[in-house]
Amino acid sequence: MLLGDLYLLSMDRIVVQRSGPLAGEVQVPGAKNSVLKLMVASLYGEGTHELTNVPAISDVKTMGKLLESLGLTVEHGVGESGVLRLTNSGTIATVAPPELVTSIRASINLLGPLLACRGRVRLDMPGGDDFGSRPIDMHVAGLTAMGVRFDINDNALSAEVDHLIGAHITLDFPSVGATENLLTAAVHADGTTTISNAAREPEVADLCDLLVEMGAKITGIGSACLTIEGVPRGALHPVTHAVIPDRIQAATYLAATAIAGGDVIVRGARPQDMQVLLSRMNDMGLEITAVPGGVRIVSQGRMRAVDIQTLPYPGLATDYKPLLVTMLAVAEGMGVVTENLYPGRFRYVEELSKLGADIRTDGHHAIVRGVEGLRGAGVVAPDIRAGAALVVAGLAAQGRTVISGIEHIDRGYDDLVGRLVGLGALIERVDIPVTQPQFFAN
Ligand code: EPU
């Protein structure tokens, strides 16, 4: 092997040791699943759009490059960190580079705005975490009802429309992505569009709020029935908007404290967006209270197992599940976990088992029998949230847990390691060449 190859293979790892009790305060950054869609909204409205509370995550960089490839100018960290400026000069391309489109799921969110602003689009199939099949049939059916013509094969889609027409659409399932594409297309449709059984996630409401600030006419925000009154092209204008805090990152610091023990305030966490999660954590014996500007968690002694099932908002988010499974792995008793959104979203269970967790999966169920303690090992992050859950698991494991595949974590977490260090966790990010397998033998 050449030295150059060795450098190429060298990748960051996160190394965690048993930690706790954690103490202090941690600030939650802006939400990935909000900011990526808010960035796309800069396709409407010539001029400079400004987003604040933008998380420093790699998906934001990828979306920035994607929008630059369409003709926007994207400036990160202007004036202060967390600020993103996107300038739309009025010239927008309709074909995006496949290598960028296929690396993030949110690239599918270009569909609605490009149809609304340009009347046509060509996209490769979006990427993102691999939870098994992630179809886009509801996006296509809803847009077809608004007059869009599609040409789709396994790898790419082309779509065009002369005039988007308002329609009454009922989704089979409250899909986040489908709701967002339909409402962003409807913004410039002729007449009124209603979306029934719409997704109610806070991130969808954040996108609606931004569009309304820009001049769109949307009512029913936050409910399962959105009504969009189309406005002419060119009627939307740039604004400055703060991204809502990330409830999944907030949950990660709550789970870390739950596992390691301690007394922590998660600043920026919005209890109203996390009600079911907080109530399940209470059921597990954790003391959770809303405090001004955040949520406080006090964790003492061993947690109790509970059963959980994932559901669309306001139910328990599928993105919380790897964290909850990790908590159940060391809780007292047995918990049954049911995944109702992505049947394939249990890939991290094998990695948790390497740490000594006792988990059996059957279809979309997992049975988690709590063990007294975990032991450190080398594990691989299969996706964003599972990667963070493995980091959290490492806080409860004797010895050293070495997590690789952390480019997944970087996609959605803004300085997870630094924030945990701030709470007293024994964790560091190191560069370990993959040619030294002895690091993984602990
Ligand atoms: N679905 C269909 N057909 C469609 C659209 C969705 O069958 O046309 C199914 C999906 O296969 C899935 C379910 O509906 O079983 C929910 O999918 P949804 O469209 O709601 O999810 P998404 O928009 O692709 C977003 C987040 C995910 C999060 C889900 C659910 C983004 C970029 N991604 O995905 O976040 O898990 O909603 O809340 O917003 C993450 O952040 O780690 C992440 C994966």
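Trainee: Which residues does Met327 touch, not counting residues up to four places away in sequence?

Mentor: Met327 touches Ala255, Ala258, Ile259, Met281, Met284, Leu286 and Met303, where contact means heavy atoms within 4.5 Å. This is a predicted model, in which local features need pLDDT of at least 70 and side-chain atom pairs count only at pLDDT 80 or more, while totals for chains, interfaces and linings use all residues. Residues are numbered from 1 along each chain as its sequence is written, and side-chain values use heavy atoms, with hydrogens and water left out.

Trainee: Which residues have the most contacts inside the largest nonpolar core?

Mentor: Met327 and Ile403 do, in a core of 78 residues. A nonpolar core is a set of buried Ala, Val, Leu, Ile, Met, Phe, Trp, Tyr and Cys residues joined through side-chain atoms within 4.5 Å. Helix α9 gives the most to this core, with ten residues. A second, separate core has 73 residues, including Leu36, Leu38, Leu100 and Leu183.

Trainee: Why is α9 called roughly parallel to α11?

Mentor: The axes of α9 (residues 247-260) and α11 (residues 321-329) come within 10 Å and cross at roughly 5 degrees. That angle makes α9 roughly parallel to α11, because angles under 35 degrees count as such, over 145 as roughly antiparallel, 65 to 115 as roughly perpendicular and the rest as oblique. The axes are lines fitted to C-alpha atoms, for helices over the stretch in contact, and angles between N-to-C directions run from 0 to 180 degrees. Helices (H or I, at least four residues) and strands (E, at least two) are DSSP runs numbered from the N terminus.

Trainee: Which residues of α9 and α11 meet?

Mentor: From α9 come Ile248, Ala251, Thr252, Ala255, Ala258 and Ile259, and from α11 come Leu323, Thr326 and Met327. By class, this contact of α9 with α11 has seven nonpolar, two polar and no charged residues. Here Ala, Val, Leu, Ile, Met, Phe, Trp, Tyr, Cys and Pro count as nonpolar, Asp, Glu, Lys and Arg as charged, and the others, Gly among them, as polar.

Trainee: What makes the link between the side chains of Thr252 and Tyr413 a polar contact?

Mentor: The distance is 2.7 Å. A polar contact is a pair of N or O atoms within 3.5 Å; within protein, one must be able to donate a hydrogen and the other to accept it, and residues adjacent in sequence count only if both atoms are side-chain atoms.

Trainee: Where does His76 lie, and why is His76 placed in its accessibility class?

Mentor: His76 lies in strand β4 (residues 73-76). Its relative accessible area is 45%, so His76 is partly exposed. Leaving aside residues up to four places away in sequence, His76 touches Val60, Lys61, Val83 and Leu84.

Trainee: What about Thr193: buried or exposed?

Mentor: Thr193, in strand β10 (residues 192-196), has a relative accessible area of 0% and is therefore buried. A polar atom of the Thr193 side chain lies 3.4 Å from the backbone nitrogen of Ala167.

Trainee: What makes helix α13 mostly covered?

Mentor: In α13 (residues 384-394), eleven of its eleven residues are buried, among them Ile384, Arg385 and Gly394. At the start of α13, a side-chain oxygen of Asp383 reaches to within 3.2 Å of the backbone nitrogen of Arg385.

Notes
Buried < 20%, exposed > 50% of the residue type's maximum accessible area, 1.4 Å probe, protein only.
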